[in-house]
Amino acid sequence: MIKETHGIWSTKDYSEGATNLDNYKRDPYVTSVPLYCNYIEGRHAVGFGARADLTGFLTNLKKFIDDNPRYTGILFTEFEGYKDINQYLEYTIKLKDISNVFDNELGEIRTNWNNIRMLWYLKTIHQNIKPVWEFDNIIDFGAGTGHFVYHCYQLGFKGEVQIVDLPQTVPIQKHLLRGLNVKWVSNKELLTNLPNTLFNSTWGFSEAPVDVRNQTPDLHNCSLFIAFQSNFEGIDNKKDIYGRFLSEGNTVIKDISYLVPWDGGSTILMRI
(Lines give C-alpha, C1' and ligand atoms only; values in the text may rest on other atoms or scores of the structure.)
Protein backbone atom coordinates (compact mmCIF):
# COMPACT_ATOMS: atom_id res chain seq x y z
CA MET A 1 0.00 0.00 0.00
CA ILE A 2 1.34 3.43 -0.96
CA LYS A 3 0.51 6.20 1.48
CA GLU A 4 1.79 9.70 2.18
CA THR A 5 1.48 11.48 5.50
CA HIS A 6 1.46 15.01 4.12
CA GLY A 7 -1.07 17.07 2.23
CA ILE A 8 -3.98 15.90 0.10
CA TRP A 9 -2.60 12.39 -0.38
CA SER A 10 -2.71 11.53 3.35
CA THR A 11 -5.65 9.14 2.96
CA LYS A 12 -5.17 8.12 -0.66
CA ASP A 13 -4.02 4.74 -1.85
CA TYR A 14 -3.03 4.70 -5.51
CA SER A 15 -1.04 1.47 -5.38
CA GLU A 16 -3.53 0.00 -7.85
CA GLY A 17 -4.86 1.83 -10.88
CA ALA A 18 -2.50 4.74 -10.27
CA THR A 19 -2.21 5.46 -13.97
CA ASN A 20 -5.92 6.12 -14.29
CA LEU A 21 -6.30 9.90 -14.46
CA ASP A 22 -9.93 9.47 -13.49
CA ASN A 23 -8.76 8.82 -9.91
CA TYR A 24 -7.29 12.29 -9.81
CA LYS A 25 -10.07 14.06 -11.69
CA ARG A 26 -12.71 12.66 -9.33
CA ASP A 27 -10.71 13.09 -6.13
CA PRO A 28 -13.00 14.95 -3.68
CA TYR A 29 -10.20 17.24 -2.51
CA VAL A 30 -9.09 18.17 -6.00
CA THR A 31 -12.63 18.94 -7.13
CA SER A 32 -13.22 21.08 -4.05
CA VAL A 33 -10.46 23.54 -4.96
CA PRO A 34 -11.86 26.29 -7.21
CA LEU A 35 -8.77 26.63 -9.39
CA TYR A 36 -8.77 22.88 -9.99
CA CYS A 37 -12.42 21.95 -10.16
CA ASN A 38 -14.47 21.22 -13.24
CA TYR A 39 -17.57 19.60 -11.79
CA ILE A 40 -19.09 19.79 -8.33
CA GLU A 41 -22.31 18.34 -6.94
CA GLY A 42 -24.02 17.86 -10.27
CA ARG A 43 -23.09 21.17 -11.84
CA HIS A 44 -20.19 22.58 -13.78
CA ALA A 45 -18.08 24.95 -11.71
CA VAL A 46 -18.02 28.43 -13.21
CA GLY A 47 -15.51 30.24 -11.04
CA PHE A 48 -11.91 30.21 -9.92
CA GLY A 49 -12.76 31.66 -6.51
CA ALA A 50 -15.57 33.57 -4.90
CA ARG A 51 -14.19 36.96 -5.91
CA ALA A 52 -13.08 36.05 -9.40
CA ASP A 53 -14.24 38.14 -12.34
CA LEU A 54 -15.03 35.23 -14.62
CA THR A 55 -16.02 37.30 -17.66
CA GLY A 56 -12.87 39.38 -17.53
CA PHE A 57 -10.73 36.33 -16.94
CA LEU A 58 -12.16 34.46 -19.93
CA THR A 59 -12.12 37.57 -22.14
CA ASN A 60 -8.38 37.88 -21.56
CA LEU A 61 -7.88 34.20 -22.35
CA LYS A 62 -9.87 34.47 -25.57
CA LYS A 63 -7.89 37.52 -26.72
CA PHE A 64 -4.66 35.68 -26.01
CA ILE A 65 -5.80 32.70 -28.10
CA ASP A 66 -6.93 34.99 -30.90
CA ASP A 67 -3.48 36.58 -30.91
CA ASN A 68 -1.65 33.26 -30.44
CA PRO A 69 -3.73 30.53 -32.12
CA ARG A 70 -1.16 27.78 -31.49
CA TYR A 71 -2.47 27.71 -27.89
CA THR A 72 -5.97 26.68 -28.99
CA GLY A 73 -5.19 22.97 -28.61
CA ILE A 74 -4.51 23.40 -24.89
CA LEU A 75 -8.26 23.76 -24.36
CA PHE A 76 -9.17 20.35 -25.78
CA THR A 77 -9.76 17.78 -23.02
CA GLU A 78 -8.37 14.36 -23.90
CA PHE A 79 -10.70 11.39 -23.63
CA GLU A 80 -8.18 9.27 -21.74
CA GLY A 81 -8.94 9.11 -18.04
CA TYR A 82 -12.72 8.96 -18.45
CA LYS A 83 -14.24 5.50 -18.26
CA ASP A 84 -16.69 6.06 -21.13
CA ILE A 85 -18.17 8.71 -23.41
CA ASN A 86 -20.98 9.46 -20.97
CA GLN A 87 -18.58 10.34 -18.19
CA TYR A 88 -16.47 12.39 -20.61
CA LEU A 89 -19.53 14.40 -21.62
CA GLU A 90 -20.56 14.79 -17.98
CA TYR A 91 -17.20 16.14 -16.81
CA THR A 92 -16.45 18.41 -19.77
CA ILE A 93 -18.27 21.41 -21.13
CA LYS A 94 -18.33 23.50 -24.30
CA LEU A 95 -16.75 26.91 -23.94
CA LYS A 96 -19.90 28.60 -25.21
CA ASP A 97 -21.79 27.03 -22.30
CA ILE A 98 -19.36 28.55 -19.81
CA SER A 99 -19.57 32.09 -21.16
CA ASN A 100 -20.88 34.01 -24.15
CA VAL A 101 -17.36 35.44 -24.43
CA PHE A 102 -16.72 32.47 -26.72
CA ASP A 103 -19.14 33.47 -29.45
CA ASN A 104 -17.09 32.13 -32.37
CA GLU A 105 -15.80 28.68 -33.34
CA LEU A 106 -13.88 28.47 -30.06
CA GLY A 107 -17.23 28.07 -28.33
CA GLU A 108 -17.60 24.54 -29.71
CA ILE A 109 -14.43 23.30 -27.99
CA ARG A 110 -15.20 20.83 -25.22
CA THR A 111 -12.95 21.53 -22.26
CA ASN A 112 -12.69 21.41 -18.49
CA TRP A 113 -11.22 23.67 -15.86
CA ASN A 114 -7.91 21.81 -15.76
CA ASN A 115 -7.30 22.72 -19.40
CA ILE A 116 -8.29 26.33 -18.75
CA ARG A 117 -5.98 26.44 -15.75
CA MET A 118 -3.06 25.10 -17.84
CA LEU A 119 -3.74 27.67 -20.55
CA TRP A 120 -3.69 30.40 -17.91
CA TYR A 121 -0.29 29.22 -16.62
CA LEU A 122 1.16 29.09 -20.12
CA LYS A 123 -0.31 32.47 -21.07
CA THR A 124 1.16 34.09 -17.96
CA ILE A 125 4.60 32.61 -18.66
CA HIS A 126 4.40 33.68 -22.31
CA GLN A 127 3.49 37.26 -21.43
CA ASN A 128 5.88 37.79 -18.54
CA ILE A 129 8.88 35.58 -19.28
CA LYS A 130 8.81 34.02 -22.75
CA PRO A 131 7.00 31.18 -24.57
CA VAL A 132 7.79 27.77 -23.10
CA TRP A 133 9.03 26.42 -26.44
CA GLU A 134 11.95 28.89 -26.28
CA PHE A 135 13.38 27.11 -23.22
CA ASP A 136 15.87 24.26 -23.51
CA ASN A 137 15.09 22.75 -20.11
CA ILE A 138 12.15 22.74 -17.69
CA ILE A 139 12.03 21.77 -14.03
CA ASP A 140 8.52 21.07 -12.69
CA PHE A 141 8.46 20.97 -8.89
CA GLY A 142 5.14 19.34 -8.02
CA ALA A 143 3.82 18.33 -11.42
CA GLY A 144 0.39 17.01 -10.41
CA THR A 145 -1.00 14.93 -13.24
CA GLY A 146 1.81 16.09 -15.54
CA HIS A 147 -0.41 18.15 -17.80
CA PHE A 148 1.73 21.30 -17.64
CA VAL A 149 4.67 19.36 -19.05
CA TYR A 150 2.42 17.57 -21.53
CA HIS A 151 1.15 20.89 -22.89
CA CYS A 152 4.65 22.36 -23.07
CA TYR A 153 5.61 19.59 -25.49
CA GLN A 154 2.29 20.04 -27.29
CA LEU A 155 3.21 23.68 -27.92
CA GLY A 156 6.59 22.78 -29.39
CA PHE A 157 9.01 22.54 -26.49
CA LYS A 158 11.90 20.29 -27.61
CA GLY A 159 14.09 20.04 -24.53
CA GLU A 160 14.38 17.91 -21.41
CA VAL A 161 12.20 18.01 -18.30
CA GLN A 162 13.05 17.15 -14.70
CA ILE A 163 10.15 16.46 -12.32
CA VAL A 164 10.24 16.43 -8.52
CA ASP A 165 7.08 15.14 -6.86
CA LEU A 166 5.54 12.82 -4.30
CA PRO A 167 5.90 9.14 -5.24
CA GLN A 168 2.13 8.71 -5.31
CA THR A 169 1.75 11.08 -8.27
CA VAL A 170 4.62 9.74 -10.36
CA PRO A 171 2.77 6.75 -11.90
CA ILE A 172 0.08 9.10 -13.21
CA GLN A 173 2.74 11.39 -14.68
CA LYS A 174 4.70 8.53 -16.23
CA HIS A 175 1.56 7.29 -17.94
CA LEU A 176 0.61 10.67 -19.34
CA LEU A 177 4.16 11.64 -20.33
CA ARG A 178 5.23 8.29 -21.75
CA GLY A 179 7.57 8.66 -24.72
CA LEU A 180 8.64 12.21 -23.80
CA ASN A 181 12.06 13.35 -22.64
CA VAL A 182 11.23 13.47 -18.93
CA LYS A 183 13.24 12.38 -15.90
CA TRP A 184 11.97 11.96 -12.33
CA VAL A 185 14.55 12.99 -9.76
CA SER A 186 14.81 13.81 -6.08
CA ASN A 187 15.03 17.41 -4.99
CA LYS A 188 18.76 17.08 -4.27
CA GLU A 189 19.43 15.57 -7.71
CA LEU A 190 18.04 18.51 -9.67
CA LEU A 191 20.36 19.91 -12.34
CA THR A 192 19.74 23.63 -12.03
CA ASN A 193 22.77 24.92 -13.93
CA LEU A 194 21.61 23.72 -17.33
CA PRO A 195 21.29 26.54 -19.85
CA ASN A 196 18.01 28.29 -20.55
CA THR A 197 15.97 26.55 -17.83
CA LEU A 198 12.46 27.32 -16.54
CA PHE A 199 11.74 26.35 -12.93
CA ASN A 200 7.98 25.91 -12.66
CA SER A 201 6.15 25.29 -9.39
CA THR A 202 2.47 26.04 -8.89
CA TRP A 203 1.67 25.49 -5.22
CA GLY A 204 4.32 22.77 -5.03
CA PHE A 205 7.41 24.47 -3.59
CA SER A 206 5.14 26.41 -1.24
CA GLU A 207 3.64 23.18 0.13
CA ALA A 208 7.00 21.50 0.70
CA PRO A 209 8.49 21.51 4.20
CA VAL A 210 11.20 24.13 4.72
CA ASP A 211 13.89 21.47 5.13
CA VAL A 212 12.97 20.10 1.68
CA ARG A 213 13.11 23.59 0.19
CA ASN A 214 16.55 24.04 1.70
CA GLN A 215 17.76 20.94 -0.16
CA THR A 216 16.94 22.50 -3.53
CA PRO A 217 20.09 23.39 -5.47
CA ASP A 218 20.68 27.06 -6.25
CA LEU A 219 18.16 28.35 -8.79
CA HIS A 220 19.94 31.60 -9.70
CA ASN A 221 20.52 30.32 -13.25
CA CYS A 222 16.81 29.55 -13.84
CA SER A 223 13.85 31.58 -14.96
CA LEU A 224 11.14 31.23 -12.32
CA PHE A 225 7.39 30.74 -12.35
CA ILE A 226 6.35 30.10 -8.75
CA ALA A 227 2.75 30.34 -7.55
CA PHE A 228 2.32 30.15 -3.80
CA GLN A 229 -0.23 30.73 -1.06
CA SER A 230 0.65 33.23 1.67
CA ASN A 231 0.43 30.74 4.52
CA PHE A 232 0.70 26.97 4.56
CA GLU A 233 0.73 24.84 7.69
CA GLY A 234 2.30 27.60 9.75
CA ILE A 235 4.89 28.61 7.14
CA ASP A 236 4.94 32.28 6.09
CA ASN A 237 5.47 31.65 2.40
CA LYS A 238 5.80 35.28 1.42
CA LYS A 239 8.68 35.75 3.84
CA ASP A 240 10.31 32.47 2.85
CA ILE A 241 9.92 32.69 -0.93
CA TYR A 242 10.63 36.41 -1.18
CA GLY A 243 13.71 35.84 0.94
CA ARG A 244 14.92 33.15 -1.42
CA PHE A 245 14.14 34.70 -4.79
CA LEU A 246 12.96 38.32 -4.69
CA SER A 247 16.36 39.97 -4.76
CA GLU A 248 17.69 37.85 -7.60
CA GLY A 249 17.43 39.30 -11.10
CA ASN A 250 14.46 40.82 -12.85
CA THR A 251 11.50 39.71 -10.72
CA VAL A 252 7.78 40.23 -11.43
CA ILE A 253 5.20 39.85 -8.65
CA LYS A 254 1.48 39.39 -9.30
CA ASP A 255 -1.19 39.11 -6.62
CA ILE A 256 -3.69 36.45 -7.75
CA SER A 257 -5.75 36.32 -4.56
CA TYR A 258 -8.86 37.15 -6.60
CA LEU A 259 -8.39 33.75 -8.25
CA VAL A 260 -7.01 31.80 -5.32
CA PRO A 261 -8.37 33.31 -2.09
CA TRP A 262 -7.66 30.52 0.39
CA ASP A 263 -4.65 30.31 2.75
CA GLY A 264 -4.29 34.09 2.89
CA GLY A 265 -4.42 34.55 -0.87
CA SER A 266 -1.85 33.65 -3.50
CA THR A 267 0.96 35.30 -5.42
CA ILE A 268 2.98 34.52 -8.54
CA LEU A 269 6.69 35.28 -8.49
CA MET A 270 8.31 35.32 -11.91
CA ARG A 271 11.91 35.91 -12.92
CA ILE A 272 13.07 36.31 -16.47
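By helix I mean a DSSP run of H or I at least four residues long, with numbering from the N terminus. I keep to that reading below, and I note at the outset that the model is predicted.

**Entry 1**

I looked up Asp66 and Lys62 and found both in helix α2, four residues apart, which is about one turn of the helix. Their side chains meet in a salt bridge, with 3.0 Å from N to O.

I next took the helix as a whole. Helix α2 covers residues 54-67, and its 14 residues reach 20 Å from the first C-alpha to the last, close to the 20 Å expected at 1.5 Å a residue. Which residues of α2 are buried? I list Leu54, Phe57, Leu58, Leu61, Lys62, Phe64 and Ile65. Seen down the axis of α2, these buried residues fall within an arc of 160 degrees, so they line one face of the helix. I looked for what that face meets, and the buried residues of α2 pack against α4 (95-98) and α5 (113-128).

**Entry 2: other salt bridges**

My search of the whole structure finds seven salt bridges. One that I followed up joins Lys96 to Glu108, with the closest N and O atoms 2.8 Å apart. Because Lys96 lies in helix α4 and Glu108 in the loop between α4 and β2 (110-111), the pair ties together parts that are twelve residues apart in sequence. Both ends came out as partly exposed, Lys96 with a relative accessible area of 40% and Glu108 at 42%. I also note that Lys94, Lys96 and Glu108 are linked in a network of salt bridges.

I then turned to helix α9 (residues 237-245), where Asp240 and Arg244 lie four residues apart, about one turn of the helix. These two form a salt bridge whose closest N and O atoms are 2.8 Å apart. Asp240 counts as buried, at 16% relative accessibility.

**Entry 3: the sheet**

In what order do the strands of the open sheet run? I read seven strands in the order β5-β4-β3-β6-β7-β11-β10, with mixed pairing. The edge strands are β5 (182-184) and β10, each of which pairs on one side only. From one strand to the next, the twist averages 15 degrees.

I went through some of the pairings in turn. Strand β6 (residues 197-202) runs parallel to β7 and is joined to β7 by six bridges, with Asn200 standing opposite Phe225 in β7. Helix α5 packs on this sheet, touching β6, β7, β10 and β11, and its direction makes about 40 degrees with that of β11.

Strand β7 (residues 222-229) is in turn joined to β11 by six bridges, here in the antiparallel sense, and Phe225 stands opposite Met270 in β11. Strand β10 (residues 251-255) pairs with β11 over five bridges, also antiparallel, and there the bridge partner of Lys254 is Ile268.

**Entry 4: cover over β11**

Is strand β11 (residues 266-271) mostly covered or mostly open? I find that six of its six residues are buried, so far as the under 20% criterion goes. Both faces are covered: Ser266, Ile268 and Met270 are buried on one side, and Thr267, Leu269 and Arg271 are buried on the other.

Methods:
Residues numbered from 1 in each chain as written. Predicted model: local features only at pLDDT ≥ 70, side-chain atom pairs only at ≥ 80, totals over all residues. Heavy atoms only, no water. Buried < 20%, exposed > 50% of the residue type's maximum accessible area, 1.4 Å probe, protein only. Helix = DSSP H or I, 4+ residues; strand = E, 2+ residues; numbered from the N terminus. Pairing = 2+ DSSP bridges. Expected span 1.5 Å × (residues − 1). Arc of directions from axis to C-beta. Contact = heavy atoms within 4.5 Å. Salt bridge = Lys/Arg side-chain N within 4 Å of Asp/Glu carboxyl O. Axes fitted to C-alpha atoms, helices over the stretch in contact; angles between N-to-C directions.
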